[in-house]
Structures are given as C-alpha cells and as structure tokens.
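Hi,

Here is the structure I promised to pass on. Have a look at it, and then read my notes below.

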Amino acid sequence: MGPHPAVAAIRLAVRRVLHDVLNDLARTPAAASTPTTPTAAGTRALMDRPLVLAACSGGADSMALASALAFEARKLDVRAGAVTVDHGLQNGSTARALDVVHRLRDLGLDPVEALGVTVGRQGGPEAAARDARYAALDAAASSLGAAAVLLGHTRDDQAETVLLALARGSGTRSLSGMAAVSGPGGRYRRPFLLLDRETTRKACVAQGIDVWEDPHNADPAYTRARVRHEALPVLEKSLGRGVVASLARTAQLFRDDADALDQWAAAATREATVDGDPDHALDPAKLFPLPSAVRRRVLRRAAITAGSPAGSLFSRHIEETDRLITGWRGQGPINLPGGVEARRSNGKLVFRRTTAAE
C-alpha cells in the first residue's frame with residue numbers, strides 16, 4: 001500500500017522542486033565544469049552535495065514540508081537541513097524553537113539551526129517579523145552554503161496575500177502574491193502553492209507528526225489572522241468554497257501580466273536613458289507616449305536605483321512623479337522616500353539623492 005494521498009501530494013511537490021534546484025545547479029558554470037559521471041558522483045564527499053534547507057516554524061505546513069524534504073532528499077543527490085527562527089515574541093519561544101530543532105533532527109535533517117532574531121517596529125508587527133525572519137534565513141543560507149530554502153506557504157496563504165493586497169489598493173505586482181521562486185538567485189522555493197492547508201495537516205496526522213499551532217495565527221490583532229478566520233470564511237459562505245482557489249489562480253494571472261509589464265519597462269528604461277548622462281537621466285519625450293502602467297514602472301525603477309527604499313515608495317509618490325512627464329507646467333522637484341528627489345531640468349528627468357536616508 002502506498003502512502004496516504006496527502007503525504008504523496010506533499011512529497012511529489014517537494015520532489016519536483018528538488019529536481020528544479022538540481023537542474024538549475026547543473027546549468028551554472030561551476031556545475032558545468034564539475035565531472036558528472038557516475039564514478040565522479042559516487043566519490044564526491046558528502047559535504048560536496050548541494051544543501052537544501054526547510055524553513056520550519058513547527059506548524060503543520062512547515063513540518064509537512066520538512067518531512068517531505070527529508071524523505072525525498074534521500075533519493076536524490078541532496079543534503080537536507082532546516083532552520084527555525086525564534087522571533088522572541090512569546091513566552092517560552094526559545095524552548096519551543098529548541099523543541100522544533102529536536103523534532104527536525106528526528107526526521108533525519110542535518111544541519112538544523114535555531115536562529116534568534118530581534119523584531120523591530122517598521123511597517124507594523126507582521127511586516128517587521130517577516131523582515132527579521134527573512135534576514136535570518138538569508139544569513140543561514142549564506143553561512144551554510146545552501147542551494148535553496150524551501151518555504152511552506154500554501155494555496156490558502158496565497159489567497160490571503162491577494163485579499164490583503166486588494167484591500168490595500170495595491171498594484172499588479174502585489175496582487176500577484178507570492179512567487180514559486182524568489183529571492184537572490186532563486187534562493188526561496190515554495191512547493192505548496194498549489195496545495196491547500198488541509199492537505200498539509202492531513203499529511204502530518206497520517207505520519208504521526210506533532211505540530212505546534214502559533215497563537216498569533218488566530219489573534220485578531222493581526223490583519224492576516226482576521227483575513228484567515230473572518231474575511232475568507234464570509235466570502236466562502238457568500239460566494240462558494242472555490243474562493244480560495246480562485247484568488248490563488250488570480251495571483252498567477254496577475255503575475256504573468258506583471259512579468260510582461262516589467263520586461264517592457266526594462267526595455268523602455270534602456271531606450272529612454274539619456275546617453276552619457278552621469279545621473280542616468282531619462283528623456284521625458286520618450287516616456288510620454290508609453291502606457292501609464294509601463295511608464296510608472298520605469299519611474300519606480302529609477303527612483304529605487306537612486307536610493308529610494310522600495311518598501312516606502314507608494315503609488316502616490318509615483319503618480320506625482322509621473323506628472324513631471326504628463327502634466328509638466330514648470331513645477332518643482334518631487335521629494336521621494338530615502339532623501340531622493342525627482343526633478344525635470346533642461347529637458348531631462350533626473351533622480352538624485354539629496355539627503356542621507358533616515
């Protein structure tokens with residue numbers, strides 16, 4: 001008899017991602033120069049095999065991910081490890097993190113690390129915790145030399161992300177949700193974006209894996225918790241149980257559109273950049289005929305390149321900057337986050353940092 005259907009589903013999802021990671025490594029110049037004959041592969045030292053980490057909180061999604069990684073890595077030329085992050089936001093969080101480490105090692109994962117972080121306040125508690133977590137995962141991946149870090153986000157998480165973006169009036173990129181592959185060099189991989197949260201829970205039950213339910217996930221003080229336990233259930237009651245799947249599918253459609261617009265904007269940036277200008281100024285005459293969705297992407301890229309923090313650069317900033325092209329009446333510079341200003345001068349649009357960023 002084969003594994004439980006939920007277990008089979010999570011293992012298949014992880015197996016596909018591991019094959020993608022190995023294929024990506026095989027295409028890199030370093031991998032291409034390494035002998036790949038069976039003899040060479042068989043004599044490589046254990047530590048030379050690529051390392052893939054699972055980011056694990058101890059919840060059902062991430063424990064299902066860790067168990068599938070441990071199982072599938074044994075069949076492939078991959079080492080499987082894990083990292084758990086202690087945000088220090090709850091009493092007993094350090095002891096809980098150490099317990100997660102113990103359970104991950106029992107699954108056969110090695111290395112396994114618990115990383116303590118200090119959560120700031122910028123952007124609110126959820127955003128600050130996320131920033132601290134990803135900084136820790138980046139540091140662990142770099143120090144351990146990991147080829148990839150697997151994240152346990154499910155289709156339900158994707159639907160919540162899209163709904164939050166809709167509520168905030170975000171643009172196409174935010175509405176595209178979480179990417180299956182993201183981060184520097186494609187470091188982060190999300191195998192479960194096509195699987196629902198219930199599948200990961202069933203997989204843990206079927207394998208007898210103990211999980212920890214983070215009380216923050218049900219705390220109405222957190223926006224995502226309210227979306228999960230209040231907003232989505234109301235939508236499903238009113239519109240039917242296909243809402244989560246539809247929102248996740250919408251994210252992929254938006255992602256395809258956003259990718260195409262970003263490629264167009266990159267080409268438009270090259271075309272509009274003034275040759276030889278030390279500030280990489282843009283030619284307004286070449287930007288004016290572009291569709292607003294493309295033109296504003298060009299402006300956003302230019303502002304970020306000049307030093308404006310992407311997370312603080314909102315649509316209102318770009319809309320004001322866009323008027324330097326579409327509604328030019330001799331107005332003064334536009335002040336942008338990070339001490340950057342956008343100014344139209346001598347027939348050029350220049351982005352320049354004028355003060356030190358706070």
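Is Ser-93 buried or exposed? Ser-93 is buried, because its relative accessible area is 13% (buried means under 20%, exposed over 50%, partly exposed in between, with a 1.4 Å probe and protein chains only). Leaving out residues up to four places away in sequence, Ser-93 touches Asp-86 and Gly-88 (contact means heavy atoms within 4.5 Å). Ser-93 is found in helix α5, residues 93–106 (helices are DSSP runs of H or I with at least four residues, strands are runs of E with at least two, and both are numbered from the N terminus).

A quick word on the source: this is a predicted model, where local features need pLDDT of at least 70, side-chain atom pairs count only at pLDDT 80 or more, and totals for chains, interfaces and linings use all residues. Residues are numbered from 1 along each chain as its sequence is written, and side-chain values use heavy atoms, with hydrogens and water left out.

Next, the rings. The count comes to one aromatic pair (ring centres of Phe, Tyr or the six-membered ring of Trp within 6.5 Å; planes under 30 degrees apart are stacked, over 60 edge-to-face, the rest tilted). Tyr-134 and Tyr-188 make an edge-to-face pair, with 5.2 Å centre to centre and 85° between the planes. Tyr-134 lies in helix α6 (residues 125–144) and Tyr-188 in strand β6 (residues 188–189), so the pair ties together parts 54 residues apart in sequence. Both Tyr-134 and Tyr-188 are buried.

Cheers
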